[in-house]
Amino acid sequence: MRPIRILSLALTLALALPAAPASAALWFKSAQYSGTDVLVGGTGLNAAGNGIVGGLWTSPDEGQTWTAKWSPPDAGYLGVSCGPANSWAVESLDNMAWSGSGTTWATKSPIAGLSTVSSFGSADFADVASLGNDDVAVVGELTDTFYAGESAGNLAGIWVSTDGGDTWTEEYLGPIQPKVGDEARPDTYARMEAVDSAGGTAIAVGNEWVPNDPTRTTLDAPIVMRSTNGGATWNPVTLSGVTQPLLDVDIAPDGSAWIVGESKTFLRSTDGGATWSAAAPIGSGTFAANGVAGGDEQHAIVAGDAGKVAYTSNGGSTWSYYTMAAPIKDLTAAAMRDSLHGIVVGRDETILRTADGGATWAAGPISKQPVALSIKTSSSAPSYGAAVTISGTLTSGGQALTGRSVALKRKSGTSWVTVKTSSSSTGSYSFTSIVPYNYSKTTYRLEISENATHLGNASTELIVTPKVYLSKPTISSRSGRSLTASGYLKPKHTADSSGSTPVKIMCYRSGVLKYTKYAKVYNYSTYSKYSARMTLPYSGSWKIRAYAPGDSGHTYTYSSYTSSFTVK
């Protein structure tokens with residue numbers, strides 16, 4: 001993965017790290033994971049504003065704490081890579097690479113006395129990748145090169161060491177334009193921009209501009225070089241349909257690979273970089289990509305200008321955007337350690353971290369992982385006084401989170417009151433024998449507190465609205481077709497000033513509703529009594545029941561039917 005190749009510096013402090021060199025705020029150019037450790041490199045102006053300083057920092061806990069590792073002298077900008085024994089950093093101004101661990105770093109020069117060209121002006125290194133053990137690859141370009149006595153322009157290069165940087169081989173330098181007859185060889189302008197390595201495979205990307213174009217405004221062809229033997233040999237990979245310069249490459253932990261380029265160009269490989277397919281452009285809005293990181297073949301994040309991060313969870317078929325909160329800074333490089341955890345870095349010591357694949361980000365440390373709680377009930381409208389079971393699941397990163405205590409709470413005004421707590425070895429929770437508070441509408445949710453490894457969270461709200469108790473009507477005072485129907489209603493329902501409330505007596509003749517009558521309701525200490533005197537319109541066989549419509553605390557309720565009776 002590549003640090004962006006821009007040398008102007010912004011000087012507003014966004015996130016300070018300890019023991020920075022004497023300078024204004026650094027511009028972080030590169031980041032890489034090693035397990036949960038993070039290595040970040042940056043550059044900036046010195047305190048006097050007339051020189052360049054740089055620095056390396058490591059975090060053993062994914063950004064919670066930082067340690068300044070090294071401040072190289074006059075460093076231009078740093079590309080970093082974590083190796084099994086030592087880590088690596090490169091900078092452009094002095095043609096240097098460094099290798100080290102802790103606070104001890106040694107200067108290694110990949111170029112001195114090596115290049116096959118007759119002469120060159122300087123090397124401009126862009127990126128570095130550990131190839132395992134003491135092996136390492138550095139990419140960039142040679143400026144003002146001459147080949148066989150003729151100008152060859154600026155050539156893209158790959159240099160490899162297999163002994164920790166003591167000796168180097170030039171594995172690629174080019175492309176050199178062929179001569180045509182006695183005409184002078186056209187000047188080449190090319191550069192390798194980025195390199196990454198995983199599991200014995202290394203991929204480097206760059207660009208060749210049209211001959212004799214020192215402004216590098218018109219792309220001639222993209223360059224992709226691939227090694228499958230730890231950097232011993234490199235072979236070109238053919239791309240089709242790519243018309244924009246390539247900017248960065250990343251190999252995910254599962255061996256899939258990702259490339260981004262200008263104008264939202266995006267390529268993905270599922271075979272370790274042997275073949276590449278162009279996917280959907282990175283979003284539909286304005287987006288200038290700088291660095292890419294893949295978590296697996298489906299998940300990737302892309303760091304961009306104007307504080308934007310693009311992220312995908314379906315292999316690049318679709319993209320979503322996140323824009324950092326003000327002050328907005330250009331984001332330079334990205335790294336992921338799995339499908340969920342990632343980091344982007346940028347101007348003014350900006351560091352953003354995600355623990356959910358890019359959907360949410362924070363500038364502060366995110367060593368704690370987010371959790372999700374679901375909630376459901378066995379019945380949202382239980383009978384009066386009946387208990388329900390409220391259950392849910394606790395997950396983190398799509399996986400069950402076990403051994404945690406979850407609280408079931410009910411809403412009381414603007415507060416939440418704990419009803420029960422429960423722990424689970426499976427991540428599934430079940431709260432039984434839950435009777436709605438005061439036998440009325442109750443709002444519940446599940447909550448989990450933050451601990452050392454996970455953030456706290458709450459489920460969505462769940463509303464349980466019970467039915468009232470509505471007794472079967474009792475029939476009395478029958479005279480011909482006239483009768484009185486009465487019963488009980490719990491909890492107590494306040495009657496209006498006329499002593500009536502919309503409790504209906506529903507009268508059925510031969511199973512068909514033929515007559516209704518509103519009942520009067522009278523309140524007692526803990527219950528209400530309803531009563532209605534009515535005259536049925538027809539003779540025949542009847543049965544009746546009571547109906548109470550829903551209100552602010554209860555759902556609608558029907559009583560059971562009376563036995564059939566006959567009127568004449």
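This is a predicted model: local features need pLDDT of at least 70, side-chain atom pairs count only at pLDDT 80 or more; totals for chains, interfaces and linings use all residues.
Local features require pLDDT of at least 70 and side-chain atom pairs count only at pLDDT 80 or more, whereas totals for chains, interfaces and linings use all residues. Residues are numbered from 1 along each chain as its sequence is written, and side-chain values use heavy atoms, with hydrogens and water left out.

**Sheet**

Strands here are DSSP runs of E with at least two residues, numbered from the N terminus, and two strands pair if DSSP finds at least two bridges between them. Three strands form an open sheet in the order 25-26-27, with antiparallel pairing. Strands 25 and 27 are the edge strands, each pairing on one side only. Strand 26 is joined to strand 27 by 5 bridges; Val344 has Leu352 of strand 27 as its bridge partner.

| Strand | Residues |
|---|---|
| Strand 25 | 331-336 |
| Strand 26 | 342-346 |
| Strand 27 | 350-354 |

**Nonpolar cores**

A nonpolar core is a set of buried Ala, Val, Leu, Ile, Met, Phe, Trp, Tyr and Cys residues joined through side-chain atoms within 4.5 Å; buried means under 20% relative accessible area (1.4 Å probe, protein chains only). The largest such core has 20 residues, and Leu470, Ile505 and Phe565 are among those with the most contacts inside it. Elements giving two or more residues to this core include strand 40 (482-490) and strand 46 (565-567), while strand 44 supplies the largest share, 4 residues. A second, separate core of 17 residues includes Ile375, Ile390, Leu394 and Leu408.

Leaving aside residues up to four places away in sequence, Phe565 touches residues including Ile475, Leu483, Leu536 and Trp542, where contact means heavy atoms within 4.5 Å.

How values were computed. Buried means under 20% relative accessible area, exposed over 50%, partly exposed in between (1.4 Å probe, protein chains only).
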